[in-house]
Amino acid sequence: MFLTSAFQMAARQIRRHGMRSALTTLGVVIGTAAVIAMVTLGRGTTARISDEIGKIGRNLLFVAPGAPRHGAAHGRVTAFALEDARAIAREVRGLVAVAPTAMAPVLAVYGNNNWRTMLSGVDHNFLVVREWTLATGRAFQAGEERSGAAVCILGDTVRGNLFVGEEPLGRSIRVANVSCEVIGVLASRGRSTMGEDQDDLVLMPLLAVQRRIAGNQDVGAILVSAADGESTARIQEDITRLMRQRRHITGDKEDDFAVRDLKELADLAARTTGILTTLLAAIAAVSLLVGGIGIMNIMLVSVTERTREIGIRLAIGARAREILLQFLIEAVVLSAMGGVLGIGVGLGGSYLAARALELPFVIDVPIVIIAFVFSAAVGVSFGFFPARKAARLDPIVALRFE
Amino acid sequence: MIAVRAELPAPPLVELQGVDKVYGRGDAEVHALRGVDLGISAGEFVAIMGASGSGKSTCMNILGCLDVPTSGRYLFRGVDVATLTHDQRALLRRNFIGFVFQGYNLLPRTSAVENVELPLTYRGVERAERHRRALAALRDVGLEGRELHTAAELSGGQQQRVAIARAIVSGPDLLLADEPTGNLDTARSLELMRLITTLNQERGLTVIMVTHENDIAAFASRVIRFRDGAVVPGKGA
Ligand SMILES: Nc1ncnc2c1ncn2[C@@H]1O[C@H](COP(=O)(O)OP(=O)(O)O)[C@@H](O)[C@H]1O
Ligand SMILES: [Mg+2]
C-alpha cells in the first residue's frame, strides 16, 4: 500500500528534477549500454565464427611448412612439393580429398581495370576440400591441370572489380603479366570472421602458377579434408608421421611444418572471443558501478536538500523505515530507468555496429535481464547509504533545518 | 467517594509528571525543562505562554512525541511514552496528533491538496479516498478553490490554513500548534484563531497552543505560563 505511494512520490520527484535526474542516470545508462553492447557484439562474433566453421568446410586440415609454434612465416622453411600431397592422398586413410596449393600476390588486369589480389594455384580437389561451388562457368579440366593451361577462375570480388557490367566468361585477363582465359566465377562467400574478404582471389591450375609465375615447383600449403566420422586427430598424427619421414626429421627434432585442424582453430577463436566478451563486459560493468556512485552522490544532495521535508514527514507519523523506503525506491527507480534506457541504447548501438561489421545481431536475453536486475541492484546498494542517512534524521533537528 | 469522583475533571489526555529535559553535557548542559507537571484533558483548549527560551517548544516536542523527557514521565492516554519504541511513537503521532508550526512547513512545490493528503498516505488510505478527504479538509478550513495552488502561490494565512487542514485530515485527538500566528498579521491571526476555536468546540479537538500574545491566548479556555523551564504556579496548571 505504502509502496504504491512511494513509487508515485519517486516518479514525481524524478519528474520535478528532470534535468538532474537525466544527468544522474547517465552513468548507469552508459554502463548498461556498454555491457549490453559488449555482450551482444561478442555473441555476434561467436555466432559468426561458428558459422565460419561450417563455411570453411567441415573436417578441414591445413598442412603448411614452418614450425607449428612459430607460425608459417617464421625462419627459413622448406616448401612442400606436389609429391608430398600425392603421398598424403596415397598413404593416409579416411580422406575425401587432398588439395595442394601455391599462392602468390598478383596484379590482375582487364582493360583499364586492375586489382591487387591473391593467386592460388590449385587442382580440382581445391573446390572439393573447400566445399566451394561455381556461380558460373566450369572447373579446370584434367588436361588443363596436367599441361598447366593459362585458364583461371575468379573470386566474386575480383570479378566485380575487373568486369563492370560485363560478362567475364571467355574473356582474357592478365595475371602477373600472364594472359589467361576466364573459365568460371566462384560463388560468393563474403567476409570471414577476421574480416578478410574470402572472395578476393583468383584460381589457376597449380602447374600454371608454378611454371609461369612462381618459377619453381613449390607447394605452399596442402589442404586435406577428412571423411565424415574419421578422427581428425588420428589423421593429423598420420600426416605428421608421414611428413617427418619424407622431410627426414628424426628422433626428437621439432617438426618444420604444421598440421592444423581448422575446426580446432575456429573453436579456439570462438572460445577466445567468449573470454574476451566476458572480460569486456566486466570492464563495462565497472562503469555501471561508477554510475552507481553518481546516483549515491545526487541522492546525498537530495537528502540534505529535503531535510525539512523529511522532518515534516516524521512529524506527520512516517516511520524511519518508510523514509528509508521512499529514498531507496527513488534511487532504484532512477537506476532502473537508466538500466532500461541503457539496454535500449546498447541494443540499438550494437544493432548498428553489427550491421556495419557484417556480424549477426544476436540478442542475449539472459544478459538483458541480468543487466536490468544489476542496474536496479546498483540503485539499491548505492541508494541505501543516503536513504539510511535520511531515515536516521532526528525530526526536531530536521524540522529546524534551514 | 463516588460522588466526589464524579466532580473531578475528566482523566487527562496528556499528563507530564516531573518532566526534566536536559540538552547537551557538561559545560554545554542546558536545562530546558525542570520538573514540569501538567495535565490536559480531552476537549480542552490550552494556551502556553512564557518568555523566549522558557521551554515552551521543548514541552510541545515532548507532548508531540517528537522527543522524550530526560527524566520524569509523559503519559499519553495513560501510556508512558518512554516505554514506546521509535516506531510506536511514530504511529502514535500518525494516529493521534496533528502539528501546526510557526513556519507552516508545507512541502515546497507541492499543491495544497497533496500536502493535505500526505498524512493519509502513511495511514494507507486509497488514492481516491485520500483525495476526497483532503478536499473536504481544505473546505473545512475555508480554502475551497485553492486546492491546486502550491505554497508559493498562497499567502501566509492561507498556508497556515493548509497546515491546519493537514493536521486535522486524519482526525487526530490532539492538535499541537507552536506559535501558529507568529508570522501572521493581526487580522489573519484572529481569523486563524476563530478557525481553531471552531475545531475545538465543534469537533472536540484538544488544542495546545504556544503564543506570545495575550489576545491570541484569550481564545483558549486555560493558560499555562512557563518561566525558566518550569510551570508558573497559580491559575492554569
Ligand atoms: N536541541 C537543543 N539543543 C540544545 N539546547 C536546546 C535545544 N532546544 C532548545 N534548547 C534550549 O532549551 C531552552 C528552551 O528552548 P525552547 O523550548 O525552544 O524555548 P521556547 O520555545 O520557550 O522559546 C533554550 O535555552 C534553548 O536554547
Ligand atoms: Mg519556541
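The model is a predicted one. Chain A has 402 residues, of which 50% are buried, and chain B has 237 residues, of which 51% are buried. Chain B is as compact as a globular protein of its length, because its radius of gyration of 18 Å is close to the 18 Å given by the globule rule.

**Chain A overall**

- The secondary structure of chain A consists of 13 helices and twelve strands.
- The C-alpha trace of chain A spans about 105 × 60 × 35 Å along its principal axes.
- Among contacts in chain A with a separation of 6 or more, 79% are between residues 24 or more positions apart.

**Chain B overall**

- Eight helices and ten strands are found in chain B.
- Its radius of gyration is 18 Å, close to the 18 Å that the globule rule gives for 237 residues, so chain B is as compact as a globular protein of that length.
- Along the principal axes, the C-alpha trace of chain B spans about 50 × 40 × 40 Å.
- In chain B, residues 24 or more positions apart make up 73% of the contacts with a separation of 6 or more.
- Chain B exposes about 10,900 Å², with 50% of it supplied by carbon and sulfur atoms.

**Helix 3 of chain A**

- Helix 3 of chain A covers residues 82-91, and its buried residues are Asp84(A), Ala85(A), Ala87(A) and Ile88(A).
- These buried residues line one face of helix 3 of chain A, because they fall within an arc of 160° when seen down the helix axis.
- An α-helix has 3.6 residues a turn, so residues three or four places apart point the same way.
- The cover over the buried residues of helix 3 includes strand 2 (80-81), strand 3 (95-110), strand 11 (221-226) and helix 8 (232-246), which belong to chain A.

**Nonpolar surface patch on chain A**

- A nonpolar patch on the surface is formed by Val340(A), Tyr351(A), Leu352(A), Phe361(A), Ile363(A), Val365(A), Ile369(A), Phe372(A) and Val373(A).
- Together the patch residues have about 810 Å² of accessible area.
- Helix 11 (320-356) and helix 12 (365-391) of chain A each contribute at least two residues to the patch.
- Helix 12 of chain A gives the largest share, four residues.
- Tyr351(A), one of the patch residues, lies in helix 11 of chain A.
- Tyr351(A) has a relative accessible area of 37% and is partly exposed.

Methods
Residues numbered from 1 in each chain as written. Chains lettered and ligands numbered in written order. Predicted model: local features only at pLDDT ≥ 70, side-chain atom pairs only at ≥ 80, totals over all residues. Heavy atoms only, no water. Patch = residues over 30% accessible without salt bridge, like charges linked within 9 Å, V, L, I, M, F, W, Y side chains within 5 Å. Areas by Shrake-Rupley, 256 points an atom, 1.4 Å probe, with all protein chains shown as cover. Salt bridge = Lys/Arg side-chain N within 4 Å of Asp/Glu carboxyl O. Buried < 20%, exposed > 50% of the residue type's maximum accessible area, 1.4 Å probe, protein only. Rg over C-alpha atoms; globule rule 2.2 N^0.38 Å. Contact = heavy atoms within 4.5 Å. Arc of directions from axis to C-beta.
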